Number of protein chains: 2
Amino acid sequence: MKFFCFALLACLNTVMVLAEDPLPSWKEAPAKQSIIDFVQNVTTQGSDSFVPVAERIAVFDNDGTLWCEAPLPNQAVFVLDEIKRLLPEHPEWKQDPAVAALLGGDLAALKSDQYAGLIKLIALTHTGMSPDEYTERVDRWLETARHPRFGCSYTEVIYQPMLELLDYLRANKFETWIVSGGGQEFMRVFAEGTYGIPPQQIIGSHARMKYELVAGKPTLTKTIDTLFVDDKEGKPVAIAEFIGRRPIACFGNSDGDQAMLEYTTIDNPRPSFGLLVHHTDADREYAYDSNPPSSGKLTTALEAAPQRDWVVVDMKKDWNVVFPADGKKENPDNDRSKLLGSWLVEDINHHGVMDIAQTTVQFGDNGKVSGSTCVNRYSGSVQIKNGNLKFGPLATTRRAGPPAMMDQEQRFLRAMESVAAYEFGEPDIVYFLNRNGERTMKLSKQ
Amino acid sequence: MKFFCFALLACLNTVMVLAEDPLPSWKEAPAKQSIIDFVQNVTTQGSDSFVPVAERIAVFDNDGTLWCEAPLPNQAVFVLDEIKRLLPEHPEWKQDPAVAALLGGDLAALKSDQYAGLIKLIALTHTGMSPDEYTERVDRWLETARHPRFGCSYTEVIYQPMLELLDYLRANKFETWIVSGGGQEFMRVFAEGTYGIPPQQIIGSHARMKYELVAGKPTLTKTIDTLFVDDKEGKPVAIAEFIGRRPIACFGNSDGDQAMLEYTTIDNPRPSFGLLVHHTDADREYAYDSNPPSSGKLTTALEAAPQRDWVVVDMKKDWNVVFPADGKKENPDNDRSKLLGSWLVEDINHHGVMDIAQTTVQFGDNGKVSGSTCVNRYSGSVQIKNGNLKFGPLATTRRAGPPAMMDQEQRFLRAMESVAAYEFGEPDIVYFLNRNGERTMKLSKQ
């Protein structure tokens with residue numbers, strides 16, 4: 001019998017190793033689960049909701065969805081820095097009301113008159129050169145410019161959970177596109193290296209270039225002609241023009257993304273998914289919706305979300321990490337190694353346990369967990385990452401015990417199934433949390 | 001010794017099986033070889049000419065490059081057929097000068113006035129409906145319309161050698177794009193099924209769509225606003241706008257493709273390749289350049305080709321097959337099975353052979369060839385496809401013979417190396433041809 005049990009345990013352990021978490025920076029909460037459910041639905045061959053690979057198009061806004069857009073959109077900082085850099089060569093610019101407003105910090109003046117001033121500034125800094133020369137300018141700026149609050153490069157104020165989401169979708173054969181109000185050529189400079197999205201999958205605001213042979217050489221020149229602003233209703237228009245296929249997943253953060261969220265999710269013959277990133281985290285990033293620091297106003301899309309079944313990501317509650325660098329910082333409260341070893345269960349769902357019936361949890365260094373339910377031995381796999389904690393199905397021996405102990409065993413096993421995270425409390429105390437962030441178990445170090 | 005020879009032959013035969021010909025509908029001639037050389041150059045890791053996968057962008061014109069554009073461009077036939085189909089619902093159209101010119105066959109009138117008449121006809125048949133409704137109309141037309149000369153569907157007057165080229169490039173991790181003056185949404189209806197090119201890799205002439213919610217449903221409407229004609233200098237402009245990366249290979253057939261050929265091949269920091277399909281085959285398709293039946297004028301690009309190192313494909317000489325259906329027809333002159341069996345060499349490079357020294361070629365049914373050089377036995381692999389004939393390296397025994405026979409053996413083995421094709425002549429006679437189409441060997445059936 002003993003041999004049989006161990007053989008069974010060994011066998012179960014082999015098949016019960018969990019696949020690695022594709023979204024480790026997402027807390028175990030409904031937003032994360034809804035993403036995983038959607039991806040599993042559309043990629044399960046033979047199911048009604050299966051979507052062929054060719055139609056797995058996912059579109060992402062950029063400013064505020066993939067990278068930070070506060071206190072100013074990053075491209076606006078580029079415009080300002082470029083105007084300053086080029087001003088000595090163009091003293092006549094000082095007479096320009098738009099340049100004067102910019103240098104004087106008068107954003108209201110720039111936004112008035114149908115954004116004519118802003119467009120003038122974009123023309124001064126984005127046209128009259130070849131795309132290659134423009135790329136060099138953006139590259140040079142990205143190398144030296146630093147975010148005023150976070151002190152790092154602008155390509156580092158990108159959202160780690162969204163990077164994981166891009167990877168996860170691509171691993172499931174989605175084609176990931178950017179559809180953003182930002183400049184198309186601006187984003188193409190860094191998006192391949194930063195997001196893994198090649199230039200031909202980046203749609204942004206753009207104007208028609210000019211082509212000619214100059215001294216026998218092919219020469220493209222950026223202009224401001226036929227300017228297309230890739231925002232609001234422009235987004236579905238651009239998707240139809242560039243992609244020619246309706247997306248099945250759409251990720252945004254502002255009212256400017258509402259039209260493409262609607263285009264993706266309303267009346268789509270395929271299963272579809274919409275998501276809004278809600279900036280709720282003033283500590284780690286910014287907190288805004290109806291009154292943003294600059295761009296990214298979110299009111300009507302947020303109101304529409306429940307009716308449309310769009311997932312609203314609460315940045316503060318749903319993300320373990322905001323920027324990639326955060327995940328690399330020392331975080332003693334998330335220290336995985338502190339979990340290793342043996343723990344005694346003190347409390348299950350706010351009910352104590354019997355002193356004579358020890359329920360234990362032992363974390364091995366090999367992704368395995370084992371211990372005593374108080375009646376039986378159990379064993380299984382465990383995933384620990386960035387504060388998330390997830391047990392695989394637990395295999396137990398089958399001994400019977402007194403009713404009170406069998407009851408404690410059942411409460412323990414049920415509670416273990418719902419564990420989603422952990423946090424350390426008083427010295428030598430750890431709490432297990434469920435998906436809603438509620439403490440469901442208290443354990444003390446043995 | 002005998003054992004050693006057979007072991008050697010067996011061993012050599014195993015490693016000498018040739019990779020399957022990726023371009024069987026291309027004759028063994030310089031055009032085909034230059035394509036293969038280019039692809040091998042840019043995909044050979046570690047070589048100076050290696051191009052990373054992300055930059056392997058190939059652009060193709062459509063009309064006259066991937067499918068037939070005579071006697072009228074296929075989309076023009078669609079316009080005509082649609083006008084006729086819709087006329088009963090729109091009797092007022094009869095008063096329109098453009099419609100009257102079309103119905104009266106007055107193409108000159110349509111082309112005058114900056115093509116205003118043609119644009120009017122396009123507006124009547126291509127706007128005011130959703131892209132989905134438009135797709136249905138094109139689909140319905142493609143199902144019923146037949147090419148006036150070839151009697152088959154318009155999606156069957158496509159070029160088999162170009163289909164193989166598309167596949168070959170994709171197998172070598174190129175991304176294949178269409179960049180055509182044809183309607184973008186028109187091509188997107190059939191190009192995925194016909195060429196394996198998805199909608200998001202198709203750039204054509206296009207106008208800005210309109211997006212709105214109608215009765216709560218996302219609704220796109222085709223318009224003629226901001227019409228972009230994707231021809232001539234428009235092609236490199238569109239490539240920069242949609243792809244954002246310079247192609248390394250470009251395939252066209254008319255002066256309308258010259259700008260994108262120049263953009264691809266002049267001053268490109270990467271190795272690059274340009275190719276023009278020259279319509280020289282009035283028997284199997286059409287023969288035209290400076291004076292085309294309708295679209296596809298080719299003069300300046302053809303003149304520029306030698307200087308630019310663009311490969312000019314002579315449809316008649318370079319293609320074994322034009323349309324996919326041709327390859328399926330019975331062609332007794334290309335009958336592979338007629339080659340099987342034993343042949344006696346009569347003549348090598350227009351010099352006879354000695355009666356007493358028989359040189360033979362025996363084709364097996366298993367891709368193997370064997371025979372006697374007249375002194376030694378030889379053996380190797382052979383590829384026979386659509387009139388192409390290619391021998392793998394031949395392994396021989398090593399017996400010495402009289403000088404005259406050794407000389408005949410050498411002439412035979414050298415000639416075998418250069419064989420590229422075959423053709424049947426008088427009864428029971430076959431000729432082997434070299435890459436230039438010259439007969440290098442005459443053989444009689446044994």
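Where is the place of Tyr115(A) in chain A? I looked this up to open the notebook, and I found Tyr115(A) in helix 5, which covers residues 107–126 of chain A. A reminder to myself: this is a predicted model.

**Entry: a nonpolar patch**

Tyr115(A) is partly exposed, and its relative accessible area is 42%. Together with Leu118(A), Ile119(A), Ile122(A), Leu227(A) and Val229(A), Tyr115(A) makes a nonpolar surface patch of about 460 Å². Tyr115(A) can count towards this patch because members need over 30% relative accessible area, and its own value is 42%.

**Entry: a charged patch**

Next I looked for charge on the surface. I found a patch of negative charge where Asp132(A), Glu136(A), Asp139(A) and Glu143(A) gather.

**Entry: chain A as a whole**

I noted 14 helices and 19 strands in its secondary structure. Its C-alpha atoms fill a box of roughly 90 × 50 × 45 Å along the principal axes. Chain A has 446 residues, and 53% of them are buried. I also looked up the accessible surface, which comes to about 19,700 Å² for chain A, with 53% of that belonging to carbon and sulfur atoms.

Then I checked the contacts. Among contacts in chain A with a separation of 6 or more, 63% are between residues 24 or more positions apart. For the charges, I wrote down 46 positive and 60 negative in chain A, and their mean positions are 4 Å apart.

**Entry: a covered helix**

How many residues of helix 9 of chain A are buried? I found that 9 of its 9 residues are, so I marked this helix, residues 234–242, as mostly covered. The buried residues include Gly234(A), Pro236(A), Val237(A), Ile239(A) and Phe242(A). I was glad to spot Lys235(A) and Glu241(A) among the buried residues too. After helix 9 comes Gly244(A), and I noted that its phi is positive, near 70 degrees.

**Entry: salt bridges**

Side chains of opposite charge can pair when their charged atoms come close. I searched the whole structure for such pairs and got 38 salt bridges over all chains.

I began with Glu55(A) and Arg270(A), whose side chains meet in a salt bridge at 2.8 Å, N to O. This pair links distant parts of the chain, 215 residues apart. Glu55(A) sits in the loop between helix 2 (30–43) and strand 1 (57–60) of chain A. Arg270(A) sits in the loop between helix 10 (258–265) and strand 7 (273–280) of chain A. Both partners are partly exposed: Glu55(A) has a relative accessible area of 22%, and Arg270(A) has 28%.

I turned to chain B and found a salt bridge between Arg270(B) and Glu55(B), with the closest N and O atoms 2.8 Å apart. Arg270(B) lies in the loop between helix 10 and strand 7 of chain B, and Glu55(B) in the loop between helix 2 and strand 1, so the pair ties together parts 215 residues apart in sequence. Arg270(B) is partly exposed at 28%, and Glu55(B) is partly exposed at 23%.

My next pair was Asp21(B) and Lys32(B), in a salt bridge at 2.6 Å, N to O. Asp21(B) is in the loop between helix 1 (2–15) and helix 2 (30–43) of chain B, while Lys32(B) is in helix 2, 11 residues apart. Asp21(B) is buried, with a relative accessible area of 12%, and Lys32(B) counts as buried at 2%.

**Entry: a tryptophan in chain B**

My last stop was Trp310(B), in the loop between helix 11 (300–308) and strand 9 (311–314) of chain B. Why does Trp310(B) count as buried? Its relative accessible area is 4%, and buried means under 20%. Beyond its neighbours within four places in sequence, Trp310(B) is in contact with residues including Gln258(B), Leu261(B), Gly274(B), Leu276(B) and Ala304(B). I also looked up Pro427(B), which is 117 residues from Trp310(B) in sequence and 41 Å away in space, C-alpha to C-alpha.

Note on methods
Residues numbered from 1 in each chain as written. Chains lettered and ligands numbered in written order. Predicted model: local features only at pLDDT ≥ 70, side-chain atom pairs only at ≥ 80, totals over all residues. Heavy atoms only, no water. Patch = residues over 30% accessible without salt bridge, like charges linked within 9 Å, V, L, I, M, F, W, Y side chains within 5 Å. Areas by Shrake-Rupley, 256 points an atom, 1.4 Å probe, with all protein chains shown as cover. Salt bridge = Lys/Arg side-chain N within 4 Å of Asp/Glu carboxyl O. Lys, Arg positive; Asp, Glu negative; His and termini not counted. Charge placed at Lys NZ, Arg CZ, Asp CG, Glu CD. Helix = DSSP H or I, 4+ residues; strand = E, 2+ residues; numbered from the N terminus. Buried < 20%, exposed > 50% of the residue type's maximum accessible area, 1.4 Å probe, protein only. Contact = heavy atoms within 4.5 Å.
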